[in-house]
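This report looks at one helix and its surroundings, and then turns to the ligand and the residues around it.

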Amino acid sequence: MARQVPLVRHRNIGLMAHIDAGKTTTTERILFYTGVSHRLGEVHDGSAIMDWMAQEQERGITITSAATTCFWKDTRINIIDTPGHVDFTIEVERSLRVLDGVIAVFCAVGGVQPQSETVWRQADRYGVPRIAFINKMDRVGANHQRCVEMMTARLGCRPILMQLPIGSEDKFEGVVDLIGRQALRFEDLSKGMQVQAGEIPAEMLDEVETARVEMIEAACEFDDELLERYLGGEELGAEEIRRGLRQGVLAAAIVPVYLGSAFKNKGIQPLLDAVIEFMPCPLDVPAITATDPKGNEVPVPAEDNAPLAALAFKLMTDPYVGQLTFLRVYAGSLKSGDTVYNANTQKSERIGRLLKMHANQREEVKEVYAGDIVAAVGLKTASTGDSLCSPSHPLALESLFVPEPVMGLSIRPASKALAEKLGMALARLAAEDPSFRVNSDEETGQTVIRGMGELHLEIIVDRLKREFKVEAEVGAPQVAYREAITKSAEAEGRYIKQSGGRGQYGHCKITVAPGEPGSGYVFKDKIVGGVIPKEYIPAVEKGARDAAEKGVLAGFPLVDIEVTLFDGSYHEVDSNERAFFIAASMALKDACHRAGMQLLEPVMKLEVTTPDDFLGDVMGDLSSRRGRVQSLDARSGVQVVNATVPLSNMFGYATDLRSATQGRATFSMEFSHYDPMPASLAQEVMEKVRAEREARRQGLAA
Ligand code: GDP
């Protein structure tokens, strides 16, 4: 079977936005217009379309799928869902990994808000090409110019206006299309389905020409031939301008900006055209690489006859078909019934049915190809981030970047009988979501779940109840502190027991040094001359790592540490892996105590929007929470405070802010970084932790 749609007419895109900017509404409108236009090819009767629209409205459009397929002008657009709330950073990472281009949705009033900034940085890390949609042009206070300025200042990108608004706020009628030099209006009666092209309003002509020059000059920067002709005074055609701009977008050097109001059905079709014109097809993005079983890097070309390489990027439970595993196929093809090899679990599995999810139906397909996104039914062992490949060509794709959880919650089953069920449910949830972790403290028998924020954990607990029917009791949220060393030190670990019979002999000398922030645990082996035989080195590595993970100061994971093994000794008979494991763990603890330790705490980035009258209260409250104000912006009648503040002081902030400002201030908060804690506060935390552990240990003994 051959592919129906050539790869050049594929777009895998996502929409990203700050919560409330209008991502859902925009997606809905995209699915609506693309659904209608798909039908238009078959049904030329106007009334049929209206019927279909009415029906569609009744049923509502489902956009909850991890990936939805639609068609616009013969191009297949796969829309990959990205979450609205920053507690789900892993979801953003996961989608960025499989999409090729992004529509960044901004609110014309709010401009670049903190979450849009975070998501933007994440997209920067992957070099994802972007176009921008400034939504809510109909709202009071809408200002696309300010939004564009904020994009430059806050995101450090280069926005290029592709349109100018006709009318503003409640008089927003449509846009001037700068390339086509025409006015586009979206007729209300047809829910904006009819786009009417017309003359540019006379009073806008100058403004249009100025903006047009800027756009054309940007296009010329990416194409020498165009530049030469432009400088020679030639008028460039629409296709040529698009060609130049497209190169700039693919290089992630410019961001074309579109305007509209999703809610008022304005501006969506030009945005869809822009997706086709400027977003990459799978062939335009640099080929990714994978690792073969020998550890060699091999390229993964987007070709149908190459060996299969697919990434499982999302697990979902569907009420009708059970578990769905969403896959992006990077290379090769995949048929239902094929056996695939999971490079992460090292197990083979059979692919059941393959489904494409549309707005209102699912389509069963027999085969998918390089560049496709599809949901597979019946995969049992694949977790989010796993690589699937052909059993004869094992390949591991780079997995996802997983952010570290900053908040923990102790959890236990409501009754003893539920313990096993709880364990299974938690394991299942952890397979779906790599940023969700489950830890059991062997000493105290306590289970702690960790995630990206209060909401993330709340949703997990709620899902336990609804989906898995497990009632659980949870403790108060706890901050996920960390430990780190402040300088280098050396230590020796000896685990030697040689009294009668076969003894134990493990002996190593190590140095520890602070690592780069975010480097985690790094181990270096500098043993020469076999003073510790090769076979015991992994045990030393694991022993030191285990001690670091368990923490040295107060039981929090010790991070950003570089451990170097440089000396030691062994005994022909008494040495074994366990002895070296224990010796290394002793050496690490000792070295860290000598190296001076500190506690790190998660610091959050906070944006509070408050009416002028309450600014003093908000600021005073922030400073009592150890907050540091970074900037203060006045916007029509409100003040926007940007600050960083330790997470430990932010529990219950929503309630406190509401009562201090009569519910008129709003805020958003997300993780920023880890910082050392002031010594006196660190002392308090450690004492509290010790007391709690002691209490639990005694409780357990009783
Ligand atoms: P999301 O959180 O980014 O998915 O945002 P939604 O699409 O849910 O929109 C948030 C709110 O803004 C909803 O009440 C929408 O009806 C409203 N909204 C979305 N787009 C527009 C728009 O273009 N104009 C106006 N005035 N409101 C909009």
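Helix H8, residues 238–250, has 13 residues and spans 18 Å from its first C-alpha to its last, close to the 18 Å expected at 1.5 Å a residue, the expected span being 1.5 Å times one less than the number of residues. The model is predicted, so local features need pLDDT of at least 70 and side-chain atom pairs count only at pLDDT 80 or more, while totals for chains, interfaces and linings use all residues. Residues are numbered from 1 along each chain as its sequence is written, and side-chain values use heavy atoms, with hydrogens and water left out.

Just after H8, Ala252 adopts a positive phi of about 55°.

Around the ligand there are 15 residues, of which Asp20, Lys23, Thr24, Thr25 and Asp138 come nearest. Helix H1 (residues 23–40) gives the most to this shell, with three residues, and by class the shell has four nonpolar, six polar and five charged residues. Polar contacts here are pairs of N or O atoms within 3.5 Å.

| Protein group | Distance to a ligand oxygen atom |
|---|---|
| Lys23, polar backbone atom | 2.8 Å |
| Thr25, polar side-chain atom | 2.5 Å |
| Asn135, side-chain N or O atom | 3.0 Å |

Taken alone, the ligand exposes 570 Å², and the protein buries 74% of that.

Conventions
Helices (H or I, at least four residues) and strands (E, at least two) are DSSP runs, numbered from the N terminus. A residue is near a molecule or strand if one of its heavy atoms lies within 4 Å of it. A polar contact is a pair of N or O atoms within 3.5 Å; within protein, one must be able to donate a hydrogen and the other to accept it, and residues adjacent in sequence count only if both atoms are side-chain atoms. Accessible areas come from the Shrake-Rupley method with a 1.4 Å probe; for residues, only the protein chains shown count as cover. Ala, Val, Leu, Ile, Met, Phe, Trp, Tyr, Cys and Pro count as nonpolar, Asp, Glu, Lys and Arg as charged, and the others, Gly among them, as polar.
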